[in-house]
Amino acid sequence: MKQSKLTPSALFLITFVSGLVLSWIHPWHFTYYMDDTVVHLTGVGILFTSLMINILAYRQFKKFITPHAPFVKPKVLLKNGVFALSRNPVYLALVLSECGLAFVFDTIWLLFSTVVLLIVLDIVIIPDEEKVLKGTFNKDYPEYKNKTRRWL
């Protein structure tokens, strides 16, 4: 099975830097359209949500002593906690982080790069991981996949 060589962290970094570069070349700010305080509080709220999702997900990994690195064969299929709401809470948190940073840094370009991050995770990264999960948990994974959405 051929897996993507692009890690989610590298993808985040690429899209984040691309958004910042676009913002530097051609500034485009939320504050052209919204109050400065609202923009920054929105960003902080989104970042806080992202942090909470990430903490809850990693607690589950630790509790069930299963690896969290991408493409590594897991020992346990996590289906409880945040994994009952999303099959990919860590990636959801990653996307929310970039979205929150778009508001904190007040640049609409980062919001566009967030969409690119989400699409590439959805099309390139997640399908490879789902193959590993299906191969490892061939009976339980399809049932979990039918009950739980990929994102939210």
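How exposed is Asp122, in terms of relative accessible area? Asp122 is partly exposed, at 24%. Buried means under 20% relative accessible area, exposed over 50%, and partly exposed in between, for a 1.4 Å probe and protein chains only.

This is a predicted model, in which local features need pLDDT of at least 70, side-chain atom pairs count only at pLDDT 80 or more, and totals for chains, interfaces and linings use all residues. Residues are numbered from 1 along each chain as its sequence is written, and side-chain values use heavy atoms, with hydrogens and water left out.

**View 1. Asp122 and Arg150 form a salt bridge.** A salt bridge is a side-chain nitrogen of Lys or Arg within 4 Å of a carboxyl oxygen of Asp or Glu. Here the N to O distance is 2.8 Å. Asp122 sits in helix α4, and Arg150 in the segment after α5, 28 residues apart. Helices (H or I, at least four residues) and strands (E, at least two) are DSSP runs, numbered from the N terminus. Arg150 counts as buried, at 18% relative accessibility.

**View 2. Glu130 has salt bridges with Lys145 and with Arg150.** For Glu130 and Lys145, the closest N and O atoms are 3.7 Å apart. This pair links helix α4 to helix α5, across 15 residues. Glu130 is buried, at 9% relative accessibility. Lys145 is partly exposed, at 36%. For Glu130 and Arg150, the N to O distance is 2.7 Å. Glu130 lies in helix α4 and Arg150 in the segment after α5, so their pair ties together parts 20 residues apart in sequence. Shared partners join Arg87, Asp122, Glu130, Lys145 and Arg150 into one salt-bridge network. The structure holds 4 salt bridges.

**View 3. Helices α3 and α4 are roughly antiparallel to each other.** Two packed helices are described by the angle between their axes and the distance between the axes. Helix α3 spans residues 89–104, and helix α4 spans residues 108–136. Their axes come within 9 Å and cross at roughly 170 degrees. Axes are lines fitted to C-alpha atoms, for helices over the stretch in contact, and angles run from 0 to 180 degrees between N-to-C directions. Angles under 35 degrees count as roughly parallel, over 145 as roughly antiparallel, 65 to 115 as roughly perpendicular and the rest as oblique. Contact means heavy atoms within 4.5 Å. Residues making this contact include Tyr91, Leu94 and Phe103 of α3, and Leu117, Leu121 and Ile125 of α4. By class, the contact has 14 nonpolar, 2 polar and 2 charged residues. Ala, Val, Leu, Ile, Met, Phe, Trp, Tyr, Cys and Pro count as nonpolar, Asp, Glu, Lys and Arg as charged, and the others, Gly among them, as polar.

**View 4. Phe12 and Phe16 form a stacked aromatic pair.** Rings of Phe, Tyr and Trp (its six-membered ring) pair if their centres lie within 6.5 Å; planes under 30 degrees apart count as stacked, over 60 as edge-to-face and the rest as tilted. The two Phe rings lie 5.8 Å centre to centre, with 5 degrees between the planes. Both residues lie in helix α1 (residues 8–25), 4 residues apart, about one turn of the helix. Phe12 and Phe16 are both buried. Ring pairs link Phe12, Phe16 and Phe105 into a cluster.

**View 5. Thr148 lies in the segment after α5 (140–147).** Thr148 is buried, with a relative accessible area of 6%. Leaving aside neighbours within four places in sequence, Thr148 contacts Phe83, Ala84, Leu85, Ser86 and Arg87.
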